[in-house]
Amino acid sequence: MAYTVIRTDLLSGTDVAADLVSLRVYDADDNQIAVENGTMVELKGYEEGQREVMKAVLATADSKVEDCAIVASEEVMYDERKKNLDEFVNEAGAICRGYIPRSRNIYSITKEGFVGATAPTEVGAEVGLGAGGKLDADLGDDGTVYGTVMAIEIAGRYTYYVIKIA
């Protein structure tokens with residue numbers, strides 16, 4: 001199974017520490033779950049007894065962007081059989097790195113970061129937040145725009161969709 005690959009092109013968290021968070025992702029039943037890089041999560045405050053690790057759930061179309069973070073952990077794979085970035089997933093219970101999305105920030109994800117792995121086909125397309133923390137190429141009924149596809153780039157074995165946050 002291929003997972004989302006992310007590039008943190010111009011996310012402010014790369015040089016503004018205040019826009020980085022440590023988080024752990026939970027499901028609706030409060031169980032820790034695995035999460036792909038590039039996934040949008042909604043922050044729910046700090047874990048009990050923690051000052052650094054925040055509790056997060058997968059974002060939905062109803063999530064407010066100002067309450068969200070983009071998961072983008074370093075791809076460290078302990079299974080020596082795994083060599084490619086698309087084989088990496090943050091395991092259940094792992095503390096993940098999250099970037100707070102800011103207006104005009106730019107990052108890139110592969111098609112797996114979109115609902116149903118259906119990426120936009122053209123530059124200038126608008127995307128919204130979808131189910132499961134994925135971006136949605138179809139804005140749906142409410143038409144809330146999360147960002148715009150600025151470019152579609154092929155780099156090595158991956159095709160990246162460059163997203164500029166609205």
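This is a predicted model: local features need pLDDT of at least 70, side-chain atom pairs count only at pLDDT 80 or more; totals for chains, interfaces and linings use all residues.
Student: How far is the charged end of Arg7 from the centre of the ring of Tyr160?
Tutor: The charged end of Arg7 sits over the ring of Tyr160. The distance to the ring centre is 4.4 Å.

Student: The rings of Phe114 and Tyr161 form what kind of pair?
Tutor: Rings of Phe, Tyr and Trp (its six-membered ring) pair if their centres lie within 6.5 Å; planes under 30 degrees apart count as stacked, over 60 as edge-to-face and the rest as tilted. By this rule there are two aromatic pairs. For Phe114 and Tyr161 the centres are 5.7 Å apart and the planes stand at 85 degrees, so the pair is edge-to-face.

Student: How many residues apart in sequence are the parts that this pair ties together?
Tutor: Helices (H or I, at least four residues) and strands (E, at least two) are DSSP runs, numbered from the N terminus. Phe114 lies in the loop between strand S7 (106-109) and strand S8 (126-129), and Tyr161 in strand S11 (residues 158-165). The pair therefore ties together parts whose separation in residues is 47.

Student: Is Phe114 buried or exposed?
Tutor: Buried means under 20% relative accessible area, exposed over 50%, and partly exposed in between (1.4 Å probe, protein chains only). Because its relative accessibility is 1%, Phe114 counts as buried.

Student: Which cysteine sulfur is nearest to that of Cys68?
Tutor: A disulfide is a pair of cysteine sulfur atoms within 2.5 Å, and a search of the whole structure finds zero. Cys68 is in no disulfide, as the nearest cysteine sulfur is 15 Å away. That sulfur belongs to Cys96.

Student: What is phi of Asp30, in degrees?
Tutor: Most residues other than glycine have a negative phi. Asp30 is found in the loop between S2 and strand S3 (40-46), and is partly exposed, with a relative accessible area of 44%. Its phi is positive, near 70 degrees.

Methods
Residues are numbered from 1 along each chain as its sequence is written. Side-chain values use heavy atoms; hydrogens and water are left out. A charge sits over a ring if NZ of Lys or CZ of Arg is within 6 Å of the ring centre and within 35 degrees of the ring normal.
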